[in-house]
Structure formats: structure tokens, C-alpha cells
Amino acid sequence: LDLCMCKSQINFTAMAIDDFLCQQTMPKEYDAIFIVEVIEHLENPLRVIREASQKLKTGGRLFISTPNIDSNFSRAKFLLHGYHWFFDEGNMNTDGHISPIHRFQLKYILEELNMRTLDEFVVGDCPTQNSYVFNFFLALVKIYRKMSGRSSVLDKGIVKCLIVEKV
């Protein structure tokens, strides 16, 4: 989104998450809220989603993005190493990723908050691995997901994105 092109037509407010959670400094309702690559850094990501839903107008849109731990790649990494992609000790120390969020968790909280999913997609390609063992587990995950009828748009991609609407 080119802010320079839209500035005269759209009022943007960027703020720290602490300010966002503080009721006194916030207008009552927004048309749209973007939570982009934030919730995986928080101790209580569901609180932020809940607060965002309360600050949206009816019909307002919430845009969420977070690392896609639901990808086949991340599932295979979990099976082999016990942690999801982007959530190993190195990522915790350098990037501050502490809260992996599964699709079912997001869907659950959004349904509880009376939010309707408008779109769900992934961005980016998962890297290839030169490890025979890893590729074997990745193939097993793909086969299982396909045979169980659980394959979805989130099986691939680095970042999962959701666009939801307050009903």
C-alpha cells in the first residue's frame, strides 16, 4: 500500500502495541486494523485480536499475518526437531518469536468474536532442504494431509494471512 498515494484519502494511524491496548489513547472505532507480523511476538496474542475486534466498526476489516506454522514444511520440522519453523531457540533470541499460532486457534477466537473470514492466503515459498530425512518426513506430512482430506491453502507458504470482517 503506497501511503503517499493514499494519504489524502485515508487517515492512517501507526502505533505501538502497548498504545493499542491502552483504552484511553484510542478512538472508539476503526474501519480497518492491520496486525502484520506482530502476534507471534506477544505473550498473549489472543488478547490483541480481542481488543482489535472491539475497536472495529461493524463491517470493519481486520488484517492479520503471522508465520505459517500450518505449512507442511513447518509440520515436518516439528516432527523432526520438536519446534515449528521460525520458532526455534535462535528465532526466539534474535526475532522474538514466542507464540506460534495455528489456523484452528485463529479461527476459534475469530468465531468467538463474531468475525467472518473473507479471505485466507499464504505469501512466500518454503525453502528446499538438502536433508533426505527431512524430505522424507515432508513427503509423509503431505501424503497424510492429502489422504485425510485435511489439505488446505495453508499447506504451503511462509506467512499466513487472514482478512476478517466484524459482523
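Colleague: Thanks! What is the mean pLDDT of the protein?
Modeller: This is a predicted model, and its mean pLDDT is 84, with 90% of the residues reaching 70 or more.

Colleague: Which elements have the lowest and the highest mean pLDDT?
Modeller: Helix H1, residues 3-6, has the lowest at 51, while S2 has the highest at 93. Where pLDDT is low, the predicted coordinates should not be read in detail.

Colleague: Good to know. How many helices and strands are there?
Modeller: There are seven helices and four strands. Along the sequence they run α-α-β-α-β-α-α-α-β-α-β.

Colleague: And how much of the protein counts as buried?
Modeller: Of its 167 residues, 37% do.

Colleague: Let's look inside, then. Which residues have the most contacts in the largest nonpolar core?
Modeller: Those are Ile-33, Ile-49, Leu-62 and Leu-110, in a core of 21 residues. The elements giving two or more residues to this core are helix H2 (17-21), S1, H3, strand S2 (56-67), helix H6 (103-112) and strand S4 (159-166).

Colleague: Which residues does Ile-33 touch?
Modeller: Leaving out residues up to four places away in sequence, Ile-33 touches Phe-20, Ala-52, Lys-55, Leu-56, Arg-61, Leu-62 and Phe-63.

Colleague: Now Leu-80. Where is it found?
Modeller: Leu-80 is in helix H4, residues 72-81. Beyond its neighbours within four places in sequence, Leu-80 is in contact with Val-133, Phe-134 and Phe-137. From Leu-80 to Leu-138 is 58 residues in sequence and 9.6 Å in space, C-alpha to C-alpha.

Colleague: Switching topic: where is Glu-40?
Modeller: Glu-40 is in the loop between strand S1 (30-36) and helix H3 (45-55).

Colleague: Is Glu-40 buried or exposed?
Modeller: Glu-40 is buried, yet it has no salt bridge. The nearest side chain of opposite charge is Lys-160, 9.0 Å away.

Colleague: So which side chain does the side chain of Glu-40 make a polar contact with?
Modeller: With that of Thr-66, at 2.9 Å. Setting aside residues up to four places away in sequence, Glu-40 touches several others, including Phe-87, His-97 and Ile-98.

Notes: Residues numbered from 1 in each chain as written. Predicted model: local features only at pLDDT ≥ 70, side-chain atom pairs only at ≥ 80, totals over all residues. Heavy atoms only, no water. Buried < 20%, exposed > 50% of the residue type's maximum accessible area, 1.4 Å probe, protein only. Lys, Arg positive; Asp, Glu negative; His and termini not counted. Salt bridge = Lys/Arg side-chain N within 4 Å of Asp/Glu carboxyl O. Polar contact = N/O pair within 3.5 Å; in protein donor to acceptor, adjacent residues only side chain to side chain. Contact = heavy atoms within 4.5 Å. Core = buried A, V, L, I, M, F, W, Y, C linked by side-chain atoms within 4.5 Å. pLDDT = per-residue confidence, 0-100.
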